[in-house]
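Thanks for making time this morning. Before I say anything, please take a moment with the sequence and the fold on the screen.

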Amino acid sequence: MATDLTGGLSDELEQVFATRPDDPEMRESVNVWLWDRRDQVGIPRIGIEAVAGRWDSHDVQVNIAGGDGRVFSRYGRGDAHDPMNAAGLPATLGAGPLSFECVEPFRHWRMRFDGLVHEWTCAEQIEGGSPEGEPSTRVRIDVDLHSAVPPWSNGGLLPEARRVMAEQDEGALIGGPRFEQLARARGTVAIGDVEHRIDGGALRIRRRGVRRLGTFRGHAWQSALFGSGRAFGYLVFPPRDDGLPTYNEGFVFEGDGELVPARVVEAPWLKQLRPRGSDVSVVIETAAGTTTIEAETIMSTFMVMGGVGPGTEAYPVLEQAVTRFRWNGEVANGMLERSMPGNVIEP
């Protein structure tokens with residue numbers, strides 16, 4: 001069975017805004033999670049958020065994890081790049097030292113970064129610290145992403161997920177129309193004088209809309225692509241206090257054809273903060289039955305904004321990680337992001 005890497009979506013969805021949107025709250029983003037076959041370096045999020053209200057300067061986040069517990073990060077803004085390519089199409093979202101270029105819609109993207117970052121540790125992040133001084137470590141990234149799985153649009157596989165997004169606040173939490181796509185990744189990541197050859201995978205996310213996070217309650221999100229071509233992904237929010245159903249949707253991909261709709265039966269909610277070795281296995285369900293995908297974190301990064309323990313319920317704690325998955329005899333690295341309010345995290 002042939003695989004349509006567009007998933008039936010229009011190529012126009014891969015184009016970025018050519019000019020500033022009229023709604024000052026409108027935003028779009030490109031984000032990537034990157035992992036290698038080895039455990040020396042991973043990127044548990046690198047991305048640009050472009051908000052119409054400050055269109056000339058976009059938000060940049062660079063979040064690199066080392067297998068030795070070091071973290072290399074940059075948070076701030078950068079001057080927006082010209083989005084137009086030689087063909088006259090708005091194909092690049094760039095800011096400061098970072099750019100994402102759509103070479104061929106749904107098939108090939110190129111990611112480049114050349115700039116200075118902070119060097120600190122995962123342990124310091126868990127303690128709620130922040131990097132000191134000015135960024136001083138040079139990082140250069142040149143990676144090509146070649147898609148291997150059809151895109152998954154949130155709300156596009158399960159009717160209940162579509163209804164929840166349309167009628168409840170989960171749609172605003174996700175930030176409007178959003179899709180993600182798994183890819184093979186090849187290129188280099190150079191940190192200081194050490195260059196790492198990347199031969200692994202990536203998850204690319206495209207989002208466009210108005211995003212409101214005022215009722216954010218936490219989430220669990222994982223995805224991976226295996227050597228055989230099989231893949232999976234999901235995004236789930238915790239149960240709601242009002243008893244209404246929450247957003248719970250995912251997919252299984254068997255290596256060709258279309259995505260198989262799935263939902264999460266048991267999610268790996270964030271309860272402890274550990275640099276690596278956390279059990280983040282998940283149980284998912286399709287029409288064919290349930291399956292367990294075993295997983296553990298191998299390099300993590302954290303944002304602990306308000307601490308943990310009693311009295312921190314207003315401050316979500318975020319973990320972004322490269323994760324090793326085991327599924328039906330196959331092993332592959334992939335991504336994890338999860339969050340919960342600080343008061344439910346074990347101190």
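This is a predicted model: local features need pLDDT of at least 70, side-chain atom pairs count only at pLDDT 80 or more; totals for chains, interfaces and linings use all residues.

Let me begin with strand S10, which covers residues 178-191. Of its 14 residues, 12 are buried, so S10 is largely enclosed by the rest of the structure. Which strands does S10 pair with? On one count, strand S8, residues 137-147, runs antiparallel to S10 and is joined to it by nine bridges, with Leu145 having Ala185 as its bridge partner in S10. Strand S9, residues 152-153, is also antiparallel to S10, through two bridges, and here Trp152 stands opposite Glu180. Then there is strand S11, residues 194-209, which pairs with S10 in the antiparallel sense over 14 bridges, and in that pairing Ala183 stands opposite Ala202. S10 and S11 form a hairpin with two residues between them, and Gly192, in the turn, has a positive phi of about 60°.

The largest pocket has a volume of about 840 Å³, and its lining is made up of 29 residues, of which Arg45, Arg211, Leu213, Leu318 and Glu337 lie nearest the centre. Among the elements that give two or more residues to this lining are S11, helix H3 (170-174), strand S18 (316-327) and strand S19 (330-341). Sorted by class, the lining has 15 nonpolar, six polar and eight charged residues.

Now the cysteines. How many disulfides does a search of the whole structure find? The search returns zero. As for burial, Cys102 has a relative accessibility of 9% and therefore counts as buried, and Cys122, at 3%, counts as buried too, the cut-off being under 20%.

Finally, the aromatic rings, of which the structure holds eight pairs. One of these joins Phe237 and Tyr247, whose rings are 6.0 Å apart centre to centre with 55° between the planes, an arrangement that counts as tilted. Elsewhere in my list, Phe226, Phe232, Phe325 and Trp327 form one aromatic cluster.

That is where I will stop, and I am happy to go back to any of these regions on the screen.

How values were computed. Residues are numbered from 1 along each chain as its sequence is written. Side-chain values use heavy atoms; hydrogens and water are left out. Buried means under 20% relative accessible area, exposed over 50%, partly exposed in between (1.4 Å probe, protein chains only). Helices (H or I, at least four residues) and strands (E, at least two) are DSSP runs, numbered from the N terminus. Two strands pair if DSSP finds at least two bridges between them. On a 1 Å grid over the protein atoms alone, a cavity is a set of points where a 1.4 Å probe fits but cannot get out, and a pocket is an open set with protein on both sides within 12 Å along at least five of seven lines; lining residues have an atom within 4 Å of a point. Grid points are joined across faces, edges and corners, and a volume is the space filled by probe spheres set on the points. Ala, Val, Leu, Ile, Met, Phe, Trp, Tyr, Cys and Pro count as nonpolar, Asp, Glu, Lys and Arg as charged, and the others, Gly among them, as polar. A disulfide is a pair of cysteine sulfur atoms within 2.5 Å. Rings of Phe, Tyr and Trp (its six-membered ring) pair if their centres lie within 6.5 Å; planes under 30 degrees apart count as stacked, over 60 as edge-to-face and the rest as tilted.
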